[in-house]
Amino acid sequence: MAKDKFLTDALNRTEARIFALEEAMLDICTDGMVTYSVNTGQTNQSVTKLSISEAENVLRKLYNRRADLRYSL
């Protein structure tokens, strides 16, 4: 049961990070913003238009992590 709670908590944190990063990327692409800060509660990350490709790579990794966690549950 502890394993399931750990995995569920990890999945919830991962999904929160995905949501925050997608929102930041959407705001940057549509509002003409140059920078955007993402605070996940554990880390504070700043995303710029110049690093949007890096953000996309992180997003892909988060989706892969989410799939792995869902499979493990």
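User: In what order do the elements of the chain run from the N terminus on?

Analyst: They go α-β-β-α, with two helices and two strands in the chain. Keep in mind that this is a predicted model.

User: What makes the pairing of the T14 side chain with the backbone oxygen of A10 a polar contact?

Analyst: The distance from that oxygen to a polar atom of the T14 side chain is 2.8 Å. The cut-off is N or O atoms within 3.5 Å, so the pair passes on distance.

User: And what makes the largest nonpolar core a core?

Analyst: Its members have to be buried residues of nonpolar kinds, joined through side-chain atoms within 4.5 Å. Twelve residues make the list, among them I18, L21, M25, V38, I52 and L59. Two elements, α1 (2-31) and α2 (52-72), each supply two or more of them, and α1 gives the most, six residues. In soluble globular proteins, nonpolar side chains tend to be buried together.

User: How much of the chain is buried overall?

Analyst: Buried residues account for 26% of the 73 residues. As for the accessible surface, it totals about 5,300 Å², and 53% of that belongs to carbon and sulfur atoms.

How values were computed: Residues numbered from 1 in each chain as written. Predicted model: local features only at pLDDT ≥ 70, side-chain atom pairs only at ≥ 80, totals over all residues. Heavy atoms only, no water. Buried < 20%, exposed > 50% of the residue type's maximum accessible area, 1.4 Å probe, protein only. Helix = DSSP H or I, 4+ residues; strand = E, 2+ residues; numbered from the N terminus. Areas by Shrake-Rupley, 256 points an atom, 1.4 Å probe, with all protein chains shown as cover. Polar contact = N/O pair within 3.5 Å; in protein donor to acceptor, adjacent residues only side chain to side chain.
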